[in-house]
Amino acid sequence: SLEHYDVIVIGSGGAGLAAAINAHDLGAKVVVVERMPTIGGNTLKASVGMNAAQTFYQQKKGIEDTKACFYEETLKGGKFKNNPDLLQQFVERAPDAINWLAQQDIVLSDITITGGMSIDRTHRPADRSAVGGFLISGLVKNLTQRHIEVLLDTKADNIEFHQGKVSGVRVIDEYGESRVLQTKAVIVATGGFSANTKMVEHYRPELTGFVTTNHKGATGSGITLLQNLGAATVDMAEIQIHPTVEQKSAYLISESIRGGGAILVSQAGVRFCNEMETRDKVSAQIIGLAEKSAWIVFDEQVRSQNKAADEYIAKGFVVQGESIDDLATQIGMDPSVLTQTLDTFNQAVRQQQDLQFGRTTALRHPLDKGPFYAIKIAPGVHHTMGGIAISTQAQVLDTHNHPLQGIWAAGEVVGGIHGANRIGGNAVADIIIFGLLAGEQAANWVKTV
Ligand code: ADP
């Protein structure tokens with residue numbers, strides 16, 4: 001049949017598309033299968049950017065950074081649970097991944113910061129828009145230019161793997177018809193399982209009832225596909241809740257708002273944590289409040305420098321007040337308390353020293369320029385750090401640490417890189433770095449069989 005491929009990529013998020021393009025450019029005949037009716041997966045929702053140290057764009061802006069610092073801070077953020085070899089590979093390959101994107105006309109030249117990092121190393125589009133949509137539309141453009149086939153509404157249901165050899169992938173189309181696509185190699189890039197309530201609750205019963213920021217396709221089906229072949233998993237109980245999620249829509253409010261200088265305030269009108277701590281810590285602080293929710297508060301200067309803020313205003317998430325008093329009244333806070341909170345924070349910004357909570361980054365400017373804004377948020381299930389075990393070459397490993405011949409995995413389906421807590425900006429880095437690597441490895445391997 002015509003359905004003979006060198007490489008089948010399962011999943012059309014950032015990892016799958018990077019893998020597909022790279023494998024194609026190395027001479028492989030590639031197809032991408034995607035269970036949803038649209039391309040992009042959860043990557044489309046990525047907001048803040050892509051972390052990398054020692055890049056061309058940092059250098060251009062005079063930002064001094066080292067790979068060693070990036071490694072250490074990611075390891076610390078991950079509570080030292082990260083797989084050191086995978087993390088090393090990640091940090092090492094990050095600048096090349098930024099350059100590869102630029103070569104495909106996907107330029108991430110603006111730079112900001114996220115919680116847990118000490119240096120501006122989160123690369124994002126020049127217009128400071130959300131990275132996810134920008135990335136996927138850029139990748140799709142490249143896919144189209146190369147005529148790489150994408151089968152939508154097509155779910156991978158089984159990887160045909162017998163006596164250590166891949167022969168195909170059984171898929172089910174939108175009409176429920178199943179057929180086998182023949183292939184020599186498979187790349188699993190199916191994303192995480194944040195939207196699989198049962199699976200989340202199985203590994204973390206205390207997360208029952210939490211909203212998720214993820215798209216519906218984040219069901220962890222790739223993990224099951226690979227476990228059926230004997231693949232090992234790691235860190236399955238490491239599930240990240242993101243501190244700032246608008247609860248009615250389950251929409252994530254980007255870390256870039258805090259990174260731009262915003263603060264978090266409780267219903268009592270006071271700050272309660274270092275807003276630039278890692279996601280696990282900030283989430284725990286919010287859950288510790290009596291009301292289990294908080295407000296992100298910022299001013300006109302933060303808004304004017306962040307495209308995402310306008311998106312949130314358009315979506316109706318933002319309460320706007322002409323003065324601090326006006327804002328406080330609208331959100332049911334004592335105006336004198338909120339005024340005092342902002343005065344104290346602004347003092348910290350001027351002195352570049354936060355005596356209350358020890359915030360050391362994103363003390364950008366005093367929050368004193370009206371109008372003032374507030375968004376009500378609470379934590380939501382956001383990212384599954386655990387997943388399939390891979391080698392530093394993105395090969396899927398069995399429970400004896402042996403690679404499954406002809407099968408690679410990349411992106412959120414994989415476990416080990418982020419340890420017990422993923423740093424903002426490290427997921428986009430992960431999917432591009434390991435997507436490219438999986439694509440390269442699969443394409444080169446195919447030439448040998
Ligand atoms: P990553 O960030 O790792 O690239 P994403 O969540 O962005 O992951 O993308 C993964 C994609 O894989 C999603 O679009 C999802 O719908 C798709 N997917 C998940 N399971 C399957 C499956 N069994 N068959 C086909 N596509 C799948």
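**Entry 1. Largest pocket**

I began with the largest pocket, whose lining takes at least three residues from each of domain 1 (4-194 + 385-446) and domain 2 (241-380); these domain bounds come from an automatic or database domain assignment. I worked on a predicted model, in which local features need pLDDT of at least 70, side-chain atom pairs count only at pLDDT 80 or more, and totals for chains, interfaces and linings use all residues. Residues are numbered from 1 along each chain as its sequence is written, and side-chain values use heavy atoms, with hydrogens and water left out.

For the search I used a 1 Å grid over the protein atoms alone: a pocket is an open set of points with protein on both sides within 12 Å along at least five of seven lines, a cavity is a set where a 1.4 Å probe fits but cannot get out, and lining residues have an atom within 4 Å of a point. Grid points are joined across faces, edges and corners, and a volume is the space filled by probe spheres set on the points.

I noted a volume of about 330 Å³ for the largest pocket. Its lining has 15 residues, and Lys76, Gly116, Met117, Glu277 and Thr278 are the closest to the centre. Helix 3 (67-77) and helix 9 (279-287) each supply at least two lining residues; helix 3 gives the most, with 3. Helices (H or I, at least four residues) and strands (E, at least two) are DSSP runs, numbered from the N terminus.

I then sorted the pocket lining by residue class and recorded 2 nonpolar, 7 polar and 6 charged residues. In this scheme Ala, Val, Leu, Ile, Met, Phe, Trp, Tyr, Cys and Pro count as nonpolar, Asp, Glu, Lys and Arg as charged, and the others, Gly among them, as polar.

**Entry 2. Cavities**

How many cavities of 30 Å³ or more does a search of the whole structure find? I recorded 2.

The largest cavity holds about 580 Å³ of space. I listed 44 lining residues for the largest cavity, with Gly41, Asn42, Thr43, Gly191 and Glu412 nearest its centre. Two or more lining residues come from each of helix 1 (14-25), strand 7 (155-162), strand 16 (372-384) and helix 14 (426-446). Helix 14 gives the most, with 3 residues. By class, the lining of the largest cavity has 14 nonpolar, 22 polar and 8 charged residues. Domain 1 and domain 2 each contribute at least three residues to this lining.

The second largest cavity has a volume of about 50 Å³. Its lining includes Arg124, Arg128, Ser254 and Asn306. I counted its classes as 3 nonpolar, 5 polar and 2 charged. Here too, domain 1 and domain 2 each give at least three residues.

**Entry 3. Salt bridges**

I found 21 salt bridges in the structure, each a side-chain nitrogen of Lys or Arg within 4 Å of a carboxyl oxygen of Asp or Glu.

The cut-offs are under 20% relative accessible area for buried, over 50% for exposed and in between for partly exposed (1.4 Å probe, protein chains only).

Arg364 pairs with Asp120, the closest N and O atoms being 3.8 Å apart. This pair spans 244 residues, from Asp120 in the loop between strand 4 and strand 5 to Arg364 in the loop between helix 13 (335-351) and strand 16. Arg364 is partly exposed at 38%, as is Asp120 at 22%.

Asp127 and Lys307 meet at 3.4 Å, N to O. Asp127 lies in the loop between strand 5 and helix 5 (131-145) and Lys307 in helix 11 (residues 307-314), 180 residues apart. Asp127 is partly exposed at 41%, and Lys307 is partly exposed at 46%.

I also noted a network of salt bridges that links Arg271, Glu275, Asp354 and Arg359.

**Entry 4. Nonpolar core**

Of its 101 residues, Ile10, Leu226, Ile407 and Ile432 touch the most other members. Helix 14 supplies the largest share, 12 residues. Domain 1 and domain 2 each give at least three residues to this core.

Conventions: A nonpolar core is a set of buried Ala, Val, Leu, Ile, Met, Phe, Trp, Tyr and Cys residues joined through side-chain atoms within 4.5 Å.
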